[in-house]
Structures are given as C-alpha cells and as structure tokens.
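The sequence and structure are shown first.

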Amino acid sequence: MTLTRSILAIALVALAQNAQVREVRAQVTAAPDLEAILAHPKIVKSLDDIKADDERAFAEQKRITEIPAPPFKEKVRAEYYQKRMQELGFKDALIDGEGNVIALRKGTGGGRPRLVVSAYLDTVFADGSDVTM
C-alpha cells in the first residue's frame, strides 16, 4: 500500500512538472518582446562583435588558465589579470587583501541597475600540476 502511494505521488509530481514546463514553453514561444530585443540593431551588432572576437577571447582564456593557480597560490594569475584589466582601461584595477582583482566601470544609469562580474582565480589542481593545453 505504501509503495502504491509513493508511486502515485511521484506520478502526480511528474504530471504537475510537465504542465509547468508546457506553460513556460508557451510563454517563451509567445514572447514577442524577446524577439524584438534580439532583432534590435544594437543587440545584433553586439552579438556579431562577440562572435567575431571569439578566437581572440578563447586565446586569452587559455592564456589565463595556463597560469598555475592552486588554492591559496593564485597571486601570479591575479597579477596577470590585474595587468590585463589596466591595459584594457581599468586604471583603478587592484588586488584586495584576499587576492581578488577588483575594477569598477561606471555606467550611465546613475547606479541602477548594477552588474557584478565575479569569478574564481584559483583552480582545483594541486601545486605543480601541468595546466597547459
């Protein structure tokens, strides 16, 4: 009897989730606002620029990840990242007391909305691991 109730409960949850997924898909499909945004000339140009820069961006990502940065020893990678940020115009880029690279790019929205980009510098690889590709 308990097994039957459990199976019935799982079936009901699955049906409810399926109905929710269908509803979300219907909303996304009928999202003319999203289509309008994706068709906007500035968005199209931005996406094209990102695609055109893919090879250079990948090479830079590879360069950064090949700098050894085992836990608590990511200083060399942080220094490289700070240098690149400064070369790209973030003159105030700094490394804080915890070893994080921080830079500020002021926008034109009067502080709203705010966007934070954050990522780890260290890796899970032990000190001495070959991290080159």
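## Basis of the model

The model is predicted: local features need pLDDT of at least 70 and side-chain atom pairs count only at pLDDT 80 or more, while totals for chains, interfaces and linings use all residues. Residues are numbered from 1 along each chain as its sequence is written, and side-chain values use heavy atoms, with hydrogens and water left out.

## Salt bridges

Eight salt bridges are found in a search of the whole structure; the term denotes a side-chain nitrogen of Lys or Arg within 4 Å of a carboxyl oxygen of Asp or Glu. Exposure is given by relative accessible area: buried is under 20%, exposed is over 50%, and partly exposed lies in between (1.4 Å probe, protein chains only). Helices (H or I, at least four residues) and strands (E, at least two) are DSSP runs numbered from the N terminus.

One of the salt bridges joins Asp 127 to Lys 73, with 2.8 Å between the closest N and O atoms. Asp 127 lies in the segment after strand 2 (101-102) and Lys 73 in the loop between helix 4 (54-65) and helix 5 (75-87), so this pair ties together parts that are 54 residues apart in sequence. Asp 127 is exposed at 52% relative accessible area, whereas Lys 73 is partly exposed at 48%.

Lys 75 is exposed, at 58% relative accessibility, and Glu 79 is partly exposed, at 36%. Arg 56 and Asp 53 also pair, their closest N and O atoms being 2.8 Å apart; Arg 56 is partly exposed at 44%, as is Asp 53 at 29%.

## Nonpolar core

The largest nonpolar core has five residues: Ala 78, Met 85, Ala 93, Val 101 and Leu 121. Such a core is a set of buried Ala, Val, Leu, Ile, Met, Phe, Trp, Tyr and Cys residues joined through side-chain atoms within 4.5 Å. Beyond its neighbours within four places in sequence, Ala 78 is in contact (heavy atoms within 4.5 Å) with Ile 95, Gly 99, Val 101 and Leu 121.

## Largest pocket

On a 1 Å grid over the protein atoms alone, a pocket is an open set of points with protein on both sides within 12 Å along at least five of seven lines, a cavity is a set where a 1.4 Å probe fits but cannot get out, and lining residues have an atom within 4 Å of a point. Points are joined across faces, edges and corners, and a volume is the space filled by probe spheres set on them.

The largest pocket holds about 1,300 Å³ of space. Its lining comprises 33 residues, with Met 85, Ala 103, Val 116, Val 117 and Ser 118 nearest the centre. Helix 5 gives the most to this lining, with four residues. The lining divides into 16 nonpolar, seven polar and 10 charged residues, where Ala, Val, Leu, Ile, Met, Phe, Trp, Tyr, Cys and Pro count as nonpolar, Asp, Glu, Lys and Arg as charged, and the others, Gly among them, as polar.

## Largest cavity

One cavity of 30 Å³ or more is found in the whole structure. The largest cavity has a volume of about 30 Å³, and its lining residues include Pro 68, Thr 123, Phe 125 and Val 131. This lining divides into six nonpolar, three polar and no charged residues.
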